[in-house]
Amino acid sequence: MFTWDKRWEVVIGLEVHTQLQTKSKIFSGSSIAYGAEPNTQASAVDIALPGVLPVMNLEAARLAVKFGLAIGAHINKRNVFARKNYFYPDLPKGYQISQMELPIVGLGSLEIETDDGIKTIGITRAHLEEDAGKSLHEDFHGQTGIDLNRAGTPLLEIVSEPDMRSPAEAVAYLRKLHSLVRYIEICDGNMQEGSFRCDANVSVRPRGQEELGTRTELKNINSFRFVERAMEYEIERQIDILEDGGSITQETRLYDSDKHETRSMRSKEEAHDYRYFPDPDLPPMVLEDSFLDEVRATLPELPTAKKERFQSEFGLSLDDAQMLTADRETADFFETITKSTKAESKVVANWMSGELFANLNKSELELSESPISTSQFALLLDRIADKTLSGNTAKKVFSALWEKEGEVDEIIEAKGLKQITDTGAIEAVVDEVIAACSEQVQQFKDGNEKVIGFLVGQVMQKSRGKANPQMANEMLRKKLS
Amino acid sequence: MALDNETVHNIARLARIEIDPSEVSQTRSALENILELVAQMEAVDTTGIEPMTHPFDATMRLRADAVTEANQRDKFQAIAPKAEGGLYLVPKVID
């Protein structure tokens, strides 16, 4: 784990841009589908032709409210759009429509799990805004290419309080937020496509000092791994400067993942003078209580509630419940399997966190891309529950399923993996082992409990893994007592 | 409220408005007049009055989330100064 001099305290706040899952843009009827030919989804409003007017998308408002309710935030039933003025070619109006003084979502919070237990991270606000287009800096005869398909895509910018005290906490918060926006289906969370982007405000101060240190802003760090590394690098850089008697310049820095360093992007002193003012094209948005109630009714069970229910309903440990509710697909998968198999919930949890996730990770697959169907996975666990398979033979069946060699029962049949539960057959092997391992048998009789494991192992080996280990164990004990 | 020339230049730069050196003092006094008006308004007692963001009492109309725009790229790019491969071309910008 990353550590730094304990005399310094790290302060981190995050700004996360989530792309809202609408069909059309926030202020126009253009599609926001990813990957279209350049500028084919950029209407007169999006490219800012003179005389056009923005008209707000109801669904974007609904999704923002849904988020606010999910974090227990105050919803500003009267909220206002403002113009954030700056010049850049991928922002054709010369201003971005955003929210400043009266954002749609006010103060809320999110709980994260840290090594020291549960910690509450404040969420200052979340506001609606439009995305900018894309600048392509590849060489177009010494010019820059502009694609405005993304211009006007609805974003919810979620701003945290400077409540995080380590990169690990910041990542825990980010993961929790990522999981939440997917749970409540307001954002697909796709970091590669830029649907979930993170800027981090990082500063350090001598431990015990009240006043915050000068911060730098790390831009566009778009994977959980890079977020942590970028912050670690930046913290070390700041501490080095301060310990040498220097001072931190407030600036925006970019993380270079290849070189593992951050570098100054540009001095934003001037660029930061955005001269916000209320957008005269958009009167205040007023939300009725009935609308809020309607949105509230669409909220699914939230991760924390689900985690608690998994513990009480299925008797799972906190760790298991946490792992299974980390994202909605995993939780839904677990519940589907649990409902359709005779195996105990704990067995389902173990097989998911063990074989299934290990193989998915190794193959870099999502749960939804698993080569093993839910019904076959449930059936595999059934065969463990009805003692057709032992833990070991079940793993062999799992591998065969993974390689798509057939269905569970076919594989058991083809590979001759059916567990021997016939007392006579096991007894024969047990007798054979007792005869062959007189030394260990004596040790057991002399009171060495542990040797039983070795003897059961021998039975399993001689039966090529097919004997029921529990029956072998019981039979050995009976015969040796 | 008095402004110095540097502030005038700075405001002009932020707004991307070119000001001829001969116009600076004229622009400065025009801006000072506006700020004077603001100062007068600020002197009014507004206790108990809710801040207003828009002059009308209107509230926003919201539209249903539907794709209603068709691709009109060719028409838009026909009036653009430069376009190539579907992209608008602009003088090189580097962060």
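Rings of Phe, Tyr and Trp (its six-membered ring) form an aromatic pair if their centres lie within 6.5 Å, with planes under 30 degrees apart counted as stacked, over 60 as edge-to-face and the rest as tilted. By that rule, the whole structure holds 11 aromatic pairs over all chains. This is a predicted model, in which local features need pLDDT of at least 70 and side-chain atom pairs count only at pLDDT 80 or more, while totals for chains, interfaces and linings use all residues. Residues are numbered from 1 along each chain as its sequence is written, chains are lettered from A and ligands numbered from 1 in the order in which they are written, and side-chain values use heavy atoms, with hydrogens and water left out.

**Interface of chain B and chain A**

- Chain A contributes 56 residues and chain B 34 residues to the contact, where contact means heavy atoms within 4.5 Å.
- About 4,000 Å² is buried between chain B and chain A, 59% of it on carbon and sulfur atoms; buried area is the accessible area (1.4 Å probe) that two parts lose on being put together, summed over both.
- Between chain B and chain A there are 23 residue pairs in polar contact, both residues at pLDDT 80 or more.
- A polar contact is a pair of N or O atoms within 3.5 Å; within protein, one must be able to donate a hydrogen and the other to accept it, and residues adjacent in sequence count only if both atoms are side-chain atoms.
- On the side of chain B that touches chain A, at least two residues each come from helix 1 (5–14), strand 1 (62–63), helix 3 (73–78) and strand 3 (87–91) of chain B; helices (H or I, at least four residues) and strands (E, at least two) are DSSP runs, numbered from the N terminus.
- Strand 3 of chain B gives the largest share of that side, 5 residues.
- The side of chain B that touches chain A comprises 14 nonpolar, 9 polar and 11 charged residues; Ala, Val, Leu, Ile, Met, Phe, Trp, Tyr, Cys and Pro count as nonpolar, Asp, Glu, Lys and Arg as charged, and the others, Gly among them, as polar.

- An open, antiparallel sheet of 4 strands has the order 8(A)-9(A)-3(B)-2(B); two strands pair if DSSP finds at least two bridges between them.
- Strand 8 (134–140) of chain A and strand 2 (83–84) of chain B are at the edges, each with a single partner strand, so one side of each has no neighbour in the sheet.
- Strand 9 (residues 143–147) of chain A and strand 3 of chain B run antiparallel and are joined by 4 bridges, with Gln143(A) opposite Pro91(B).
- Strand 8 of chain A is likewise joined to strand 9 of chain A by 4 bridges, and Leu136(A) has Gly145(A) as its bridge partner.

**Strand pairing within chain A**

- Strand 6 (residues 108–114) and strand 7 (residues 117–130) of chain A run antiparallel through 7 bridges, and a hairpin joins them through 2 residues.
- Leu110(A) stands opposite Ile121(A) in strand 7 of chain A.

**Side-chain pairs**

- Over all chains there are 36 salt bridges, each a side-chain nitrogen of Lys or Arg within 4 Å of a carboxyl oxygen of Asp or Glu.
- One of them joins Lys119(A) and Glu169(A) at 2.8 Å, N to O, linking strand 7 of chain A to helix 2 (residues 167–183) of chain A across 50 residues.
- Among the aromatic pairs, Phe314(A) and Phe334(A) are edge-to-face, 5.2 Å centre to centre with 85° between the planes.
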